[in-house]
Amino acid sequence: MPDDAPARTLRTADELVAAGLLPASAAPAVAEVAARYSIAVTPAAASLIESPDDPIALQYIPDPAELLTAPDEIEDPTADAPFTPVKGIVHRYPDRALLKPLLACPVYCRFCFRREVVGPDGGLLTEAELDAALAWIAATPAIREVILTGGDPLMLSARRLSWLVARLSAIPHLDIIRIHTRVPVADPGRVTEALVAALATGKAFFLCVHANHAREFAPAAQAALARLVAAGIPLLGQSVLLRGVNDSTQALEDLFRAMLRARVKPYYLHHLDKAPGTARFRVPETEGLALMAALRGRISGLAQPAYVTETPGGGGKVLVR
Ligand code: SF4
């Protein structure tokens, strides 16, 4: 594994080989994966990788098994498409809507449920499309909460984000703005004072941070989270239960303790969606339930997220029981 973190985000099989994160013999197969699914490993993420099968590498380094789609895997496992009244909006629940201003992310997670659509070139709503999406929210008074997701909304420039938060803040019937992001742990340097200032709003505001392993809370990530906390932004945590990454009581305990130390309240532990080529990460629900039960006696209730899964056909999240 590399002695030094790479200077910039790695996006190809050859760059992963050059950085010491992939054996040269694996490059042709990984290049095939890259033709279908985006790759990005930030310097911050690369610096945490200690071995090819460690919990950080597994999340970001492509594997040829991604080209094998299991019979029960589907392209749009959360069924966003049928719930899209205008481009960029997903309206599944009466009082909430997702707004996806772009589909780029700091890293591309190998288990992502939107892996068929996320990528560095895709999905930035045009000015007109974003106007139409905001007009739809403004004209739908039942919407009380907007969840900015993507992609990763913190990949927008501070200026663009500030404009977007201001537009949402001006919609009278909105109570809550929420942003889902991986940036504070995957690319903490993006959390500048300007970016934090761009999130200022008179509405209730929550930032939901996606992290799956305690080691993602490295010093730079902790500092980025501290900047958000200092601005008075409440932080929630969301994680995905992943084979090889966090599928043990100890790994989950360490993860949720690391979140709480960083003032991130564990909110959701997601059961893995059945996106194509993700079978190697799958943990059965019975095992997930047993892990959650084992945690109950070991850690504070504050450290226990809700273990949830998506119902088929876009029915939304339900507790795993
Ligand atoms: S950051 Fe989120 S949306 Fe982007 S690849 Fe990872 S899981 Fe998917």
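Biologist: In this predicted model, does Cys105 count as buried or exposed, and at what relative accessibility?
Modeller: A residue counts as buried when its relative accessible area is under 20%. Cys105 falls under that cut-off, so in this predicted model it counts as buried, with a relative accessibility of 13%.

Biologist: What is the relative accessible area of Cys112, and is Cys112 buried or exposed?
Modeller: The cut-off for a buried residue is again under 20%. Because its value lies under that cut-off, Cys112 is buried, and its relative accessible area is 17%.

Biologist: How many disulfides does the rule give?
Modeller: A disulfide is a covalent bond between the sulfur atoms of two cysteines. The rule looks for a pair of cysteine sulfur atoms within 2.5 Å, and by this rule the number of disulfides is zero.

Biologist: Which strands stand at the edges of the open sheet?
Modeller: The sheet has nine strands with mixed pairing, in the order β1-β2-β3-β4-β5-β6-β7-β8-β9. Two of these strands have a single partner strand each, so one side of each is left without a neighbour in the sheet, and these edge strands are β1 (89–93) and β9 (316–319).

Biologist: Which residue in β5 is the bridge partner of Arg178?
Modeller: Strand β4, residues 176–181, pairs with strand β5, residues 204–210, in the parallel sense over six bridges. The bridge partner of Arg178 in β5 is Phe206.

Biologist: What angle does the direction of helix α9 make with that of β6?
Modeller: Helix α9, residues 219–230, packs on the sheet and touches β5, β6 (235–240) and β7 (264–270). The direction of helix α9 makes with that of β6 an angle of about 140 degrees.

Technical notes: Residues numbered from 1 in each chain as written. Predicted model: local features only at pLDDT ≥ 70, side-chain atom pairs only at ≥ 80, totals over all residues. Heavy atoms only, no water. Buried < 20%, exposed > 50% of the residue type's maximum accessible area, 1.4 Å probe, protein only. Pairing = 2+ DSSP bridges. Helix = DSSP H or I, 4+ residues; strand = E, 2+ residues; numbered from the N terminus. Contact = heavy atoms within 4.5 Å. Axes fitted to C-alpha atoms, helices over the stretch in contact; angles between N-to-C directions.
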